[in-house]
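Please look at the sequence and the 3D structure shown here. A short report on selected sites and contacts comes with them.

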Amino acid sequence: MAVNGTRPHTIVGILEHKAALEKLPSSIRPEVILVKTPEDLQRCDALVIPGGESTTIALLARLSGVLEPLKEFAKTKPVWGTCAGAILLSQAVENAKKGGQELLGVMDITIARNGWGSQVESFEAPLEVDGLRNPEQPFTGVFIRAPVVLKLNPSSTSPPIKVIAKLSPELLPPSLSSPDHSDEPKIFVALRQGLHFLTTFHPELTEDNRFHEYFVRECVLSSKKPQC
């Protein structure tokens with residue numbers, strides 16, 4: 001399930017996001033393949049891990065023999081996780097299902113599963129996108145059983161954590177807000193750390209492809225540039 005790539009030739013593995021990546025400008029549009037096996041993963045320069053159920057994604061990856069190769073892949077290659085994928089990239093997770101949660105642990109944050117509540121509490125909201133092209137143009141974030149960033153855990157041995165997008169604090173429900181402003185990490189909905197990128201919402205469900213463009217330009221293509 002691949003499409004023709006254009007220069008610079010880059011292969012991004014996906015489980016979703018195909019249509020959004022294919023709409024990128026031809027100068028940066030990658031070849032896109034569906035990753036089902038370790039052999040598929042070996043072909044990739046980068047990977048997008050989609051939303052869904054994080055424990056199920058991890059279980060299916062283990063059953064198909066992809067989980068351990070994926071852990072090795074994520075150590076050196078760009079990976080973007082959306083919603084459930086964001087959970088898998090995290091260092092620690094709260095509200096994990098009984099029996100625990102497999103994590104890749106490549107982003108130094110603590111995150112909570114279903115932080116916004118159940119499926120019926122899904123919502124859309126305008127995001128502040130200072131880290132994207134045309135930052136004056138808000139992005140509509142689609143949140144479906146979305147996780148919430150609880151804490152940033154920066155390390156002197158890891159790249160800095162950059163906030164790419166956030167919600168207005170006024171949009172936080174009472175259960176997530178606090179009067180002492182300790183709720184600030186909870187408004188962070190897109191973060192980058194080195195080659196790794198996460199969004200707690202679903203950019204692929206909109207016609208706005210700025211997050212896909214950002215990932216390809218800033219995480220994927222930058223990783224392929226010769227290092228000085």
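The report below covers annotated positions, a histidine, the nonpolar core, cysteines and salt bridges.

## Annotated binding site

The model is predicted. An unreviewed UniProt entry places the feature "binding site" at Gly-52, Glu-53, Ser-54, Arg-113, Ile-144 and Arg-145. These positions are spread over 94 residues of sequence, yet they cluster in space, with a largest C-alpha distance of 13.0 Å.

Two of the annotated residues can be described further. Ser-54 belongs to helix α3, which covers residues 54-63. Its relative accessibility is 1%, so Ser-54 counts as buried. Beyond its neighbours within four places in sequence, Ser-54 is in contact with Ala-84, Ile-87, Leu-88, Gln-101 and Arg-113; Arg-113 is itself among the positions that UniProt lists. Ile-144 sits in the loop between β8 (139-143) and β9 (148-152). With a relative accessible area of 27%, Ile-144 is partly exposed.

His-202 is found in the loop between β12 (196-199) and α6. This histidine is buried, because its relative accessible area is 7% and the cut-off for buried is under 20%. Its side chain makes a polar contact of 2.9 Å with the side chain of Glu-204.

Not counting residues up to four places away in sequence, His-202 touches Gly-51, Cys-83, Val-142 and Ile-144.

## Nonpolar core

The largest nonpolar core has 65 residues, and Phe-197 and Phe-211 touch the most other members. Helix α6 (residues 210-223) gives the largest share of this core, seven residues.

Phe-211 is in contact with Trp-80, Val-129, Leu-132, Phe-139, Ile-164, Ala-165, Ala-190, Phe-197, Thr-199, Phe-201 and Pro-203, leaving aside its neighbours within four places in sequence.

## Cysteines

A disulfide is a covalent bond between the sulfur atoms of two cysteines. With a cut-off of 2.5 Å between cysteine sulfur atoms, the count in this model is zero disulfides. Cys-83 counts as buried at 3% relative accessibility, and Cys-219 counts as buried at 0%.

## Salt bridges

The model has nine salt bridges. One of them joins Glu-22 and Lys-18, whose closest N and O atoms are 2.7 Å apart. The two residues are four residues apart in helix α1 (residues 18-22), so about one helical turn separates them. Glu-22 is partly exposed at 27% relative accessibility, and Lys-18 is partly exposed at 23%. Arg-217 and Glu-213 also meet in a salt bridge, at 2.9 Å from N to O. They are four residues apart in helix α6 and therefore separated by about one helical turn. Arg-217 is partly exposed at 36% relative accessibility, whereas Glu-213 is buried at 9%.

Lys-23 and Glu-207 form a salt bridge through their side chains, at 3.2 Å from N to O. This pair links distant parts of the chain, 184 residues apart: Lys-23 lies in the loop between α1 and β2 (31-34), and Glu-207 in the loop between β12 and α6. Lys-23 counts as exposed at 52% relative accessibility, and Glu-207 is exposed at 70%. Elsewhere, a network of salt bridges links Glu-68, Lys-71 and Glu-102.

Note on methods. Residues are numbered from 1 along each chain as its sequence is written. This is a predicted model: local features need pLDDT of at least 70, side-chain atom pairs count only at pLDDT 80 or more; totals for chains, interfaces and linings use all residues. Side-chain values use heavy atoms; hydrogens and water are left out. Buried means under 20% relative accessible area, exposed over 50%, partly exposed in between (1.4 Å probe, protein chains only). UniProt positions are given in the numbering used here, feature names are shortened, and annotations may be inferred rather than shown by experiment. Contact means heavy atoms within 4.5 Å. A nonpolar core is a set of buried Ala, Val, Leu, Ile, Met, Phe, Trp, Tyr and Cys residues joined through side-chain atoms within 4.5 Å. A polar contact is a pair of N or O atoms within 3.5 Å; within protein, one must be able to donate a hydrogen and the other to accept it, and residues adjacent in sequence count only if both atoms are side-chain atoms. A salt bridge is a side-chain nitrogen of Lys or Arg within 4 Å of a carboxyl oxygen of Asp or Glu.
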